Amino acid sequence: MRGSVQTREPNMRLFYSVWGTQLASVLASYLTEFALSVWVYQRTQSITDFAYTSLFSTLPGMLVAPLAGTVVDLYDRRTVMMLADSVAVLCTVAMMLLEYSAQSLQVWHVCLSGLVVSIANTFQGPAYQTSLVQLVPKTHLDRANAMVEVGDGLCELVCPLLASALLVSVGLPVIMLIDVCAFLVAVLTLAVVRFPPVPRSADGRASDGSWIGELGLGFRWLATRPGLVALVLTFAVANFVSEFIFQLVPPLILRIASVQELGYVSSFAGTGVLLSSVAVAVRGAPSARVMTICLVLAAQGLVMFCAVLHLSCVTVAFSGFVYMLGEPLLQACSQGIWMTKVPTDLQGRVHSARRIVTTAAIPLATVLSGHLADHFERWFAEDGPLIGSPAAMIMGVGPGRGICCLFVTLGLIAVTSSLLALLYGPLRHLEASIPDAFLVVREEEGEEHEEEYTEHADQRLKDEHAKKQR
């Protein structure tokens, strides 16, 4: 009806079906990713080569992120997810055939596959994340995001142990076959479901319609909101630190222990993600989201010091557990802010714009982690040049001590950056200063539009409701 106002009713059963199959696909993909990382390190015995495989899985996605965000906003998100999943599964099938047929899989095959999958995931990730706004009511967004994080917790808990056991017992091809089957289930589920339509917001209608204009719309929208810009930069530093940590932990454990013990450490750390995800899914995220983000990031920095007080699998595992407890809180609070502040039809472009910034330092961290770890390990070796120096007296010498020194440095960076972010006014008052994107759909001339929340829009909704009651 012309001029009528209606609220969108989300279909939670649809969300659960999509979430369940995507969770299975994520678990299977992590099995393959973990197994391939161990396979590469065992094949090359080089931390640098190990890091370069991660680089190929990160950098290409950054380059196509603006295009991905525009495609996600302008086209059906369900279709985008299906196509991206299909491309990723084809890469897995190719590697599986190479390894199974003649055991001819090479490191460069893994890098090439990582490049293609990175591009596919750059489309799939924003499409999945932004579709939550279509499926989940605003009051449950924190819980929905936490449920998505449950997948990461299960990955960290189950996949390292399972991948290590499968890699030793049945080999890499079987792990990839599991991945392929899970992908097929996810794609078939998406093929039979339908997502609610995406309404148009005032900001979305204001775009000039050209591809150049659409690609830059996310950046232009962000540039006028300094609090959100500060949030993006805060997570850019956090991602740099966390990527460094994630790249260094497997080589650190493998320097002092076996593949099986690496699986135990990773799984115990994953327990933190799982427990925290379940807690947030049940109780919701704290209302003071920005404060929570800054305090959790500072706490994670302090945990890095604890990890190297006495180097052993036990201390690294316990520190990893505490560190990962904060990840679901960070994601729930961050995604809650973005999903409530950004209009639905701009979610993809804004998501890609902030992703470019927040992940820009990840390739740098990936490359530096390998090179610095190799150099620091030589410097802190028992016959290294730092023998007798104050640094060697504090950190000790031997396998893994150079990586421990990097952990301390990264902890200092994390604590300092999070405290500086908390002192910045526009970020500290972000939640009160930027209005929510109020999910009100207005039908005008056969088109649906979404409005940002204002007192005027809220009052108009109440007036329309009162008219219907009369």
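Student: At what angle do α13 and helix α18 (residues 401-423) pack?
Tutor: About 160°, with their axes 8 Å apart. Axes are lines fitted to C-alpha atoms over the stretch in contact, and angles run from 0 to 180 degrees between N-to-C directions. This is a predicted model, where local features need pLDDT of at least 70, side-chain atom pairs count only at pLDDT 80 or more, and totals for chains, interfaces and linings use all residues. Residues are numbered from 1 along each chain as its sequence is written, and side-chain values use heavy atoms, leaving out hydrogens and water.

Student: Roughly parallel or antiparallel, then?
Tutor: α13 and α18 are roughly antiparallel (over 145 degrees; under 35 is roughly parallel).

Student: Which residues of α13 meet α18?
Tutor: Among them are Met291, Cys294, Leu297 and Gly301. On the α18 side, they include Phe407, Gly411 and Ser418. Contact means heavy atoms within 4.5 Å.

Student: How many are nonpolar, polar or charged?
Tutor: That contact has 16 nonpolar, 3 polar and no charged residues. Ala, Val, Leu, Ile, Met, Phe, Trp, Tyr, Cys and Pro count as nonpolar, Asp, Glu, Lys and Arg as charged, and the others, Gly among them, as polar.

Student: OK, α11 and α13: how do their axes cross?
Tutor: Helix α11 (residues 226-256) and helix α13 (residues 289-307) cross at roughly 25°, their axes coming within 12 Å. So α11 is roughly parallel to α13. Leu231, Phe235 and Ile245 are among the α11 residues in that contact, with Ile293, Leu297 and Met304 from α13.

Student: Zooming out, how many helices and strands?
Tutor: The protein chain has 21 helices and 4 strands, taken as DSSP runs (helices H or I, at least four residues; strands E, at least two) numbered from the N terminus.

Notes: Angles under 35 degrees count as roughly parallel, over 145 as roughly antiparallel, 65 to 115 as roughly perpendicular and the rest as oblique.
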